[in-house]
Every structure is written in C-alpha cells, then in structure tokens.
Amino acid sequence: MSKYLQRSLRISPVYCVTDDMQYFGGSRNTGQNLSTTRCRHPDCSELETLGHVLGQCPKGELLINARHHRVRHALAISLKTLNWEIHEEVHCVSSDGSFRRADIIAINGRLKRALVLDPTIRFERNLNQATEVDIEKKSIYEPCLPYLSQKYNVPLKQWSVIGLLFGSRGSITKFTWNYLKELHIPFDSVMSVLINIIKDSLQILHHHLYFN
Ligand SMILES: [Zn+2]
C-alpha cells in the first residue's frame, strides 16, 4: 500500500486498494471483449482504469459532476452554519478578460477574510497532488481577485484562494484536512463528505460497468 493511502487511512473511513493499473476491460459480467483494455464507452478510447472511470470517462460525466456539486454544496452549508457569507458557482472575470466560475466564495467580515474555495475530486496518485491542485487553483482564481474584491466590496488583501483535493476513493490529504480544521468545519461534516464521495464513486463505477 502506498504511503499516500497509509496516511489517508488515518483520517479516512474508507478506501479501495485497487490501483490505477487495474484494467476493467473485458468484464465477465457485461459481455465486453476480453481481448481489450480500452474503455467500453464507444466515444472513448482511453485505457479503462479505475482512475479513468472515476474521473475522466465521458460515460460517467453527469455522475462525476453531481459528485463534485454534492461536495461543494456540503462545504458551503458547513461554512454557512459557521456564519460565513456564502455564494456558490460565482461567475468572475480574470485579469486577462476571460470568464471563470468559482465554486465557493466565503466571506467573513468579523474575521476580515474572504476565500475562493475550489474543492476538487481526483483519483489518488501521489503525495504531491494536494499541493499541485492548490497551485493550479491559485493560478486560475488569483487573477480574478481584483474583480471579486470590487464585486463584494472586500479589500483585496483579505482574499485568498485554496484548492481542496479530495480523493475519489474517499481519502483526504493532510493539506485539505488541516485547512478544513482551521476553518472549524466539524469532524462529522468532513466524514460525511468523504462517505458521500465513496458512495458516489461506487455509483459511477456501477453505472460504467452495468449500464449501456
Ligand atoms: Zn472511458
């Protein structure tokens, strides 16, 4: 078992040991061609790995989006309960004029803090993923901060952008865990998010394998 999963297990209730090199191609139960490792979806030619099915396959796109929306909304509700002003799926404009959509805008006048939170669910691959996601999200949303600062009338210096990685097999990284803890999001709420991720991922997998 990788160190990543070992660490995740300390705070994650559920996990799956199937690694990303496990192919589903040629499932016995669905009459697929046993000679191929390519995805069974006719519009997809990728290798049919667990990571592909849970994160990228167009066959599960609607369910993958629904899983993300559920995580976003659960975090938004938790912060709202903690008296943060919350806005979800906020249209914003980057410094180069391009349009973006921020998952969660959280504003707390008492704490003089404003956050752009972008929860992201990805297949667990390595220990650097959480940092990479955070850097990626900062590069996307920090150029939007002047726009958001003006829109919500919150000084620019109070804003920060955080990319929060969750594993598609229900794991959570130390980075994400510590950040949610700092925001005082209750343990039970985090556990609920993780359990719902694994439920939704199982549904995505089931849909991929058994529905045409
Ligand atoms: Zn596919």
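Which residue in β4 is the bridge partner of leucine 117? The partner is isoleucine 162. This is a predicted model: local features need pLDDT of at least 70, side-chain atom pairs count only at pLDDT 80 or more, and totals for chains, interfaces and linings use all residues. Residue numbers start from 1 along each chain as its sequence is written.

**Confidence**
- Mean pLDDT (the predictor's confidence in each residue, from 0 to 100) is 87 for the protein, with 83% of residues at 70 or more.
- Residues 1-19 stay under 50.
- Where pLDDT is low, the predicted coordinates should not be read in detail.

**Elements**
- The protein has 7 helices and 4 strands.
- Helices (H or I, at least four residues) and strands (E, at least two) are DSSP runs, numbered from the N terminus.
- From the N terminus, the order is α-α-α-β-β-β-α-α-β-α-α.

**Sheet**
- The 4 strands form an open, mixed sheet in the order β1-β2-β3-β4.
- Strands pair if DSSP finds at least two bridges between them.
- β1 (85-93) and β4 (159-167) are the edge strands, each pairing on one side only.
- Strand β3 (residues 113-122) runs parallel to β4, joined by 9 bridges.

**Helix on the sheet**
- Helix α3 (residues 61-81) packs on the sheet and touches β1, β2 (99-108), β3 and β4.
- Contact means C-beta atoms, placed from the backbone, within 7 Å.
- The direction of α3 makes about 150 degrees with that of β3.
- Axes are lines fitted to C-alpha atoms, for helices over the stretch in contact; angles run from 0 to 180 degrees between N-to-C directions.

**Contact range**
- Among contacts between residues at least 6 apart in sequence, 64% join residues at least 24 apart.

Notes:
Two residues are in contact if their C-beta atoms, placed from the backbone, lie within 7 Å.
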